[in-house]
Amino acid sequence: MKVREILRIKGSVLFTAMPQQTLDGAVEVMANHDVGSLVVMGGGKMVGMLTFREVLKAVASRATNFCGGALDQVKVEEVMIRNPAFATPEMDVNDLRRLMIDQHQRYLPVMDGELLMGVVSFLDVAKSVLEEQSFENKMLKNYIKNWPEGDGGAAA
């Protein structure tokens, strides 16, 4: 299975933030759309990624001021991942999983050259692999169920 197939199964909805946007606004977008990451866009291209991990780190570092609304004083560009690792559409799912684990990133943008095609999450990968395995399992069961009569395999 290739990353391109995961994107096809997942769909093409992409949520973004701007570097100068305040973190509280970005968190609101993430919460309203139930997503764990936003692609940070600047000048018409991807300049970073914001995930719930960066949000939690920002909250933790500002815990003493959190009640005072510190997140409305923080810009996305201050906490985003700059130059995130990325996948390519033709990358094999096993290579994708290895990259996600090695880079400790649950969300990876998918780039085709300079074109941002989408974002895949570890959950997207798990769903796609499960779907592929279920299909293969059904095919094998069907093959076994319809095994040709008289084809006993090895000669006696």
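Author: The questions and answers below concern this predicted model.

Reader: Why is Ser-128 called buried?

Author: Ser-128 has a relative accessibility of 2%, and buried means under 20%; therefore Ser-128 counts as buried. This residue belongs to helix H6, which spans residues 122–145.

Reader: What does Ser-128 touch, not counting residues up to four places away in sequence?

Author: Ser-128 touches Met-1, Ile-6 and Ile-9.

Reader: What does the side chain of Ser-128 reach, and why is that a polar contact?

Author: The side chain of Ser-128 reaches the backbone oxygen of Asp-124 at 3.0 Å. A polar contact requires N or O atoms within 3.5 Å, so the pair at 3.0 Å meets that cut-off.

Reader: Which residues of helix H1 are buried, and what puts them on the same side?

Author: In helix H1 (residues 3–10), the buried residues are Val-3, Ile-6 and Leu-7. They lie on the same side of H1 because their arc around the axis is only 100°. Just after H1, Gly-11 has a positive phi of about 105°.

Reader: What makes E2 and E3 a pair?

Author: Pairing requires at least two bridges, and six join E2 (residues 37–42) to E3 (residues 45–51), so these antiparallel strands pair. Val-39 stands opposite Met-49 in E3.

Key. Residues numbered from 1 in each chain as written. Predicted model: local features only at pLDDT ≥ 70, side-chain atom pairs only at ≥ 80, totals over all residues. Heavy atoms only, no water. Helix = DSSP H or I, 4+ residues; strand = E, 2+ residues; numbered from the N terminus. Buried < 20%, exposed > 50% of the residue type's maximum accessible area, 1.4 Å probe, protein only. Polar contact = N/O pair within 3.5 Å; in protein donor to acceptor, adjacent residues only side chain to side chain. Contact = heavy atoms within 4.5 Å. Arc of directions from axis to C-beta.
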